[in-house]
Amino acid sequence: MYPIRTLLTAITATVALGLTAPVLAQTSDTAGAITIAAASDLKFAMDEIVDAFRVAHPDAKVDVIYGSSGKFHTQIQQGAPFDLYFSADIAFPRGLEEKGLSAGPTRPYAFGRIVLWSPVLNATTMTLNDLTDPKIRKIAIANPRHAPYGMRAEEALRSAGIWDALQGKLVMGENIAQTAQFVQTGNAEVGVIALALALNPTLVEAGGYHLIDDRLHEPLEQGFIVTLRAKGNTLAHDFADFMTSPETRAIMAHYGFVLPGEQIEE
């Protein structure tokens, strides 16, 4: 089990990376080490994937930093030293690819889902319209300005016709992990969070969830790249290939991700 608050330590580290001077020409050719920037919805799945990868690469040094896809997108353009970039919105790595900042094409790895989750309300019976209830004072979502899960939350709430009515209730997390933490710690009664987080044992034990109809928002197609700096890093390419392995696919499915080629089920 992993408490959500443990994600914030890694997220804080990314702030410093954003302050580094651009070093776009720098490359990473250390075959035994990689640094991965990953959307925070991947926290629990990626931890297990890295453990499985280390079985075949016991001497490899694999560091993962979790945070906002949008902020990582900006930091990589500023020269942040990431070898792989996993984004909750495939548009971000595709944008880097178009700018020549990837070592190859963007690879789709999953579709994410959003849910209502609460430790104090019975979210399993809730609908989006229930969020307008005056008894619900605070609702947490990820910040739509840079967090893909926040963008999809806003789209769903707008589709339901309640976005404007909820403005005084919304609490914005910097990423989807912080959003879940706001609900977990009582700073909001309910939140729109990633299914991948709601399926973590800690959150399953604390509360239930309601799967939000994916027809209310654009697909949460997710993708990753090997960055340009890791073009010559064999370990980075090995990890990229490992993402298509049966073991990795099983881990991703366990956390509610819809894999490429599979049908989204309600």
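H2 first: I counted 14 residues, and the span from first C-alpha to last is 21 Å, close to the 20 Å expected at 1.5 Å a residue (expected span is 1.5 Å times one less than the number of residues). Helices (H or I, at least four residues) and strands (E, at least two) are DSSP runs, numbered from the N terminus.

This is a predicted model, where local features need pLDDT of at least 70 and side-chain atom pairs count only at pLDDT 80 or more, while totals for chains, interfaces and linings use all residues. Residues are numbered from 1 along each chain as its sequence is written, and side-chain values use heavy atoms, with hydrogens and water left out.

Next I checked burial (under 20% relative accessible area, 1.4 Å probe, protein chains only). In H2 the buried residues include Phe44, Met46, Ile49, Val50 and Phe53. For the protein chain, 54% of the 266 residues count as buried.

Then the sheet. I found five strands in an open sheet, order S2-S1-S3-S10-S4, with mixed pairing (a pair needs at least two DSSP bridges). S2 (61–67) and S4 (107–112) are at the edges with a single partner strand each, so one side of each has no neighbour in the sheet. S4 and S10 (residues 220–226) run antiparallel, joined by five bridges. Ala110 has Gln222 in S10 as its bridge partner.

Back to H2 (residues 43–56): it packs on this sheet and touches S1 (33–39), S2 and S3 (84–87), contact being heavy atoms within 4.5 Å. The H2 direction makes about 175° with that of S2; axes are lines fitted to C-alpha atoms, for helices over the stretch in contact, and angles run from 0 to 180 degrees between N-to-C directions.

Key. Buried means under 20% relative accessible area, exposed over 50%, partly exposed in between (1.4 Å probe, protein chains only).
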